[in-house]
Each structure stands twice: as structure tokens, then as C-alpha cells.
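The following exercises are to be worked through with the sequence and the structure at hand. Each task is followed by a solution in steps.

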Amino acid sequence: MTAPVHLAGSYVSDLRTVLRGQDFRRLFATRLVSQASDGAFQVALASLIFFSPERAATAEAAAAAFAVSLLPYTLVGPFAGVLLDRWRRRQVLLRANLLRAVMVLGVAALVATGTVGPVLYVAVLACLSVNRFFLAGLGASLPHVVPDDQLVMANSVSPTAGTVAAIVGGGLGYGLRDVLGAGNATDATVLAVAAVGYLLSALVASRMHPDLLGPDEEAHQQAPRAAAGQHARHVVRGLADGARHVRERRHALHALTAIGAHRFAYGISTIATILLCRNYFNDAADVDGGLRLLALVFAASGAGFAVAALVTPVAARRLGPAGWITTCFFGAAAAEYIFVVFLTIPVLLGGAFALGVAAQGAKICVDSIVQTWVDDAYRGRVFSFYDVVFNAAFVLAALVAVLVVPVDGYSRLLYGGIATLYLLTAVVHGLSERRLSAPAKP
């Protein structure tokens with residue numbers, strides 16, 4: 001019991017250190033409330049798309065839904081980045097939440113009237129596009145509320161706790177659905193609750209000073225003024241600037257390459273998991289049973305995220321952030337190889353936990369590496385480039401999943417391929433960082 005107690009004590013000590021900062025606490029609270037609302041929003045969408053009795057769950061349907069939901073993160077990211085280097089980021093957080101509250105209420109009205117189709121998808125795309133500005137703003141703002149030597153801890157607390165908050169919000173949305181019963185009226189009610197959450201998050205953000213989160217005056221002057229315009233060429237130029245900035249900082253480049261490979265593998269695994277819950281472990285007609293199992297899988301994954309927040313600061317201090325990224329992906333490979341041998345519900349839940357630890361542990365370190373190695377003048381554009389890599393890899397995985405994931409979600413060859421990709425990512429990333437850190441020969 002000594003090791004867990006030591007880890008918990010270290011975590012609590014570091015957490016107290018970070019939470020002493022009033023500005024960090026307010027940014028942290030803004031994230032938690034907003035992402036809890038995201039969780040409820042996503043449960044309502046999952047109920048409509050994946051777990052409605054009248055709709056079959058297939059790899060094609062899952063891929064289409066993920067492509068639609070992640071498209072704003074891929075396409076809006078470049079716009080968010082260049083504008084976050086021009087606009088006051090606190091104002092972005094405030095106004096994005098206010099706008100989302102109004103838009104989600106509009107989606108709730110569509111759902112309540114039974115509107116399911118292109119109109120609803122466009123409305124959802126609009127909501128998620130605004131969310132892209134919010135999340136990119138959080139990543140670019142964090143270095144303004146904590147010192148550099150606390151970034152790893154802040155990144156273990158903030159994004160991880162945000163993910164856990166989303167899972168809790170999803171759990172509350174699922175509980176509300178369970179109490180009220182499945183149907184459009186229930187989904188609309190869950191969406192309305194999410195809208196209230198966005199309003200509360202905006203209220204918390206309003207308590208921060210408008211200039212607190214940057215960009216710095218020097219960064220503001222360096223950022224290209226034309227990028228604030230609406231012309232696509234300026235947005236592309238801003239994204240290219242961010243990519244070049246990353247290329248010149250090899251540690252950040254290696255980290256983003258590794259997280260992109262992870263997201264591709266994780267995306268295929270996620271789509272397979274949805275189909276496992278709906279079609280492999282349950283009768284396809286038993287949508288409530290499938291949704292219950294998926295909720296358990298997400299809970300196990302959320303527990304993994306929480307453990308990642310606990311162990312990552314300690315592991316990163318001992319192994320270095322890059323070393324912990326490599327270790328996480330070795331662990332993910334091991335979990336996926338187990339699925340090749342046998343798969344039961346307990347094994348699925350254990351694998352979800354292990355992948356949660358690996359995914360969030362790696363992301364915490366990637367966030368910290370990027371924040372440490374890029375200049376504030378480029379931070380918004382680099383984080384948006386990061387978002388494009390992060391989400392485009394998942395969209396690509398969704399497209400590949402149509403070809404490789406069977407209708408019930410299980411294939412030994414499939415899981416063997418995912419595991420091997422994780423293994424190769426761990427090896428290549430570890431060797432690349434070792435060469436970069438090796439002293440130059442005279």
C-alpha cells in the first residue's frame with residue numbers, strides 16, 4: 001500500500017499548490033462546468049444516433065457520426081488558432097459559452113419536434129464549431145495562470161478533470177434518460193440541461209479579468225493582423241506558421257506525431273467498442289442493454305483518466321514527459337494484444353481502464369511539451385494545429401473503420417493491428433527522443 005499512498009500524497013500536494021492560484025481556479029471551474037455540459041450534450045446525441053430502436057448500429061453509421069462530430073474540430077481549428085492570437089481569450093471563453101447555450105437550446109427544440117436529418121446535423125455542427133474555440137482557448141490560456149514549472153501538474157489536473165467532468169455530465173444525462181424513459185422529449189430535456197450548464201460556465205468566466213489570459217501585448221503585436229480577417233488564405237497561412245513553429249521545435253514535433261498515431265489507433269478502437277456494446281455483447285434489438293454497457297465502458301475509461309492524473313506528474317518527473325508518453329503507448333499495446341487472445345465484458349472494461357490511463361497520461365505530457373516549447377505569439381495557432389492533428393487522425397480512423405471493423409466490432413486481426421500500431425509508435429517515439437537528447441559527437 002506504500003506506493004499508492006505515496007502517489008496520492010504527492011498528487012494531493014501538487015494539486016493544492018496549483019489550486020492556490022485564484023486565476024487558475026477560475027479557469028479550472030470554467031472548464032469543469034462547460035465540459036460536464038458537453039457530456040450531457042453527447043449522451044443526448046448518442047441516444048439519438050447510436051441507441052435508438054429504429055436505427056441499426058454499423059461501422060458506417062458510427063464513422064459518419066464521428067466524422068460529422070469531429071469535422072468542426074478539424075476545419076474550424078485553424079480559424080480558432082489565428083483568432084486566439086488576436087482576440088482576448090477570456091472573452092472567447094465567455095462568449096463561446098453564451099453562444100453555445102443559445103444554440104443547444106435550438107438543437108433541443110429540433111429534437112423535441114422530431115427533426116432528425118440534415119437540419120439537425122447542421123445545427124450540431126454549428127454547436128461543435130463554437131466548442132472548438134472554447135477548447136483551443138483553454139489550452140492557450142493555461143500558461144497564463146500557472147508558472148512553467150507547474151505546467152505538467154496543471155495539465156494533469158485541468159484537461160483530465162475536464163474529461164472526467166464530461167463523463168460525470170454524461171452519467172447525469174444517462175441517469176435522466178433512465179428516469180424519464182427513452183424518447184425525443186427526454187433527449188431534448190437533457191440538451192436543455194446542457195444549455196444551462198453552458199450559461200453557468202459563462203458566468204464563471206466573467207469573473208476573470210478580460211486581459212488575464214492573453215495574448216500578451218508583445219505576442220499580440222507579432223501575430224499577423226490580417227489573420228483576424230475572414231479570408232481563407234490568411235487562415236491557411238496562420239496554420240502553416242504554427243506548423244513551421246512546431247517543426248523547428250523537435251520535442252513538440254515528436255510529441256504531436258505520437259499523439260496523432262495514438263488518435264488513429266484509438267479512433268478505430270472506439271468505433272469497434274460501440275459496436276461491441278450494441279451488437280456483440282447484447283442483442284442488437286436491446287438498445288438499453290447496449291447503452292448500459294457503453295456507459296460502463298466510459299466509466300472505466302474515466303477511471304483510467306483519473307488515475308492518469310494521479311500518476312502522470314510523478315511518472316513524468318522520473319521518466320521525463322517524453323519517457324512517460326513512450327511508456328503509456330507500450331501499455332496501450334499490451335491492452336490491445338489481450339483482446340486478440342480473448343474478450344469478455346470484464347476484459348473489455350479492464351482494457352478501457354488501461355487505455356484511459358495511456359491516452360490521458362500521454363495527452364497530459366504532450367500538452368505540457370507543446371506549451372513549454374512554443375512561444376506565446378504562436379501558442380493559439382500551434383494548439384489549433386495540434387487540434388487538427390488530434391481530430392483529423394480520428395476522422396481518418398473512422399473512414400478506415402468502415403473497411404476493417406466488422407458489424408459486431410470483434411476481429412482478432414483488427415485488434416492485433418491496433419496493438420502493433422501502438423507498439424511501433426512507442427518504439428519510434430522513444431528512439432527519436434533518445435537521439436534528440438544524445439550529446440552531439442565532437
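This is a predicted model: local features need pLDDT of at least 70, side-chain atom pairs count only at pLDDT 80 or more; totals for chains, interfaces and linings use all residues.

## Exercise 1: The largest nonpolar core

**Task.** State which residues of the largest nonpolar core touch the most other members, and which element gives the most to this core.

**Solution.** 
1. The largest nonpolar core holds 65 residues, of which I325, V366, V370, Y386, V405 and Y422 touch the most other members.
2. Two or more residues of this core come from each of α3 (59-75), α11 (250-280), α12 (287-319), α13 (321-341), α14 (345-373), α15 (376-404) and α16 (412-437).
3. The most is given by α11, with 14 residues.
4. Leaving aside neighbours within four places in sequence, V405 is in contact with A59, I268, A272, L275 and L414.

## Exercise 2: Two aromatic pairs

**Task.** Classify the pair Y280 and Y410 as stacked, tilted or edge-to-face, and then do likewise for Y386 and F390.

**Solution.** 
1. The count of aromatic pairs comes to seven.
2. For Y280 and Y410, the ring centres are 5.6 Å apart and the planes stand at 40 degrees. Planes under 30 degrees apart count as stacked and over 60 as edge-to-face, so this pair is tilted.
3. Y280 lies in helix α11, and Y410 in the loop between α15 and α16; the pair therefore ties together parts that are 130 residues apart in sequence.
4. Y280 is partly exposed, at a relative accessible area of 34%, whereas Y410 is buried, at 15%.
5. For Y386 and F390, the ring centres are 6.1 Å apart and the planes stand at 85 degrees, so the pair is edge-to-face.
6. Y386 and F390 are four residues apart in helix α15, and are therefore separated by about one helical turn.
7. Y386 is buried at 2% relative accessibility, and F390 is buried at 14%.
8. One aromatic cluster is formed by Y280, F281, F339, Y410 and Y415.

## Exercise 3: Charges over a ring

**Task.** Find how far R263 lies from the ring centre of F390, and how far K363 lies from that ring centre.

**Solution.** 
1. R263 lies over the face of F390, 3.9 Å from the ring centre.
2. K363 also lies over the face of F390, 5.5 Å from the ring centre.

## Exercise 4: The crossing of α12 and α13

**Task.** Describe how the axes of α12 and α13 cross, and name the residues that meet.

**Solution.** 
1. The two axes, of α12 and α13, come within 6 Å and cross at roughly 115 degrees.
2. The crossing of α12 and α13 is right-handed.
3. From α12, the residues V311, T312, A315, A316 and L319 meet P321, G323, W324 and T327 of α13.

Note on methods
Residues are numbered from 1 along each chain as its sequence is written. Side-chain values use heavy atoms; hydrogens and water are left out. A nonpolar core is a set of buried Ala, Val, Leu, Ile, Met, Phe, Trp, Tyr and Cys residues joined through side-chain atoms within 4.5 Å. Buried means under 20% relative accessible area, exposed over 50%, partly exposed in between (1.4 Å probe, protein chains only). Contact means heavy atoms within 4.5 Å. Rings of Phe, Tyr and Trp (its six-membered ring) pair if their centres lie within 6.5 Å; planes under 30 degrees apart count as stacked, over 60 as edge-to-face and the rest as tilted. A charge sits over a ring if NZ of Lys or CZ of Arg is within 6 Å of the ring centre and within 35 degrees of the ring normal. Axes are lines fitted to C-alpha atoms, for helices over the stretch in contact, and angles run from 0 to 180 degrees between N-to-C directions. A crossing is left-handed if the near helix is turned anticlockwise from the far one by less than a right angle, and right-handed if clockwise.
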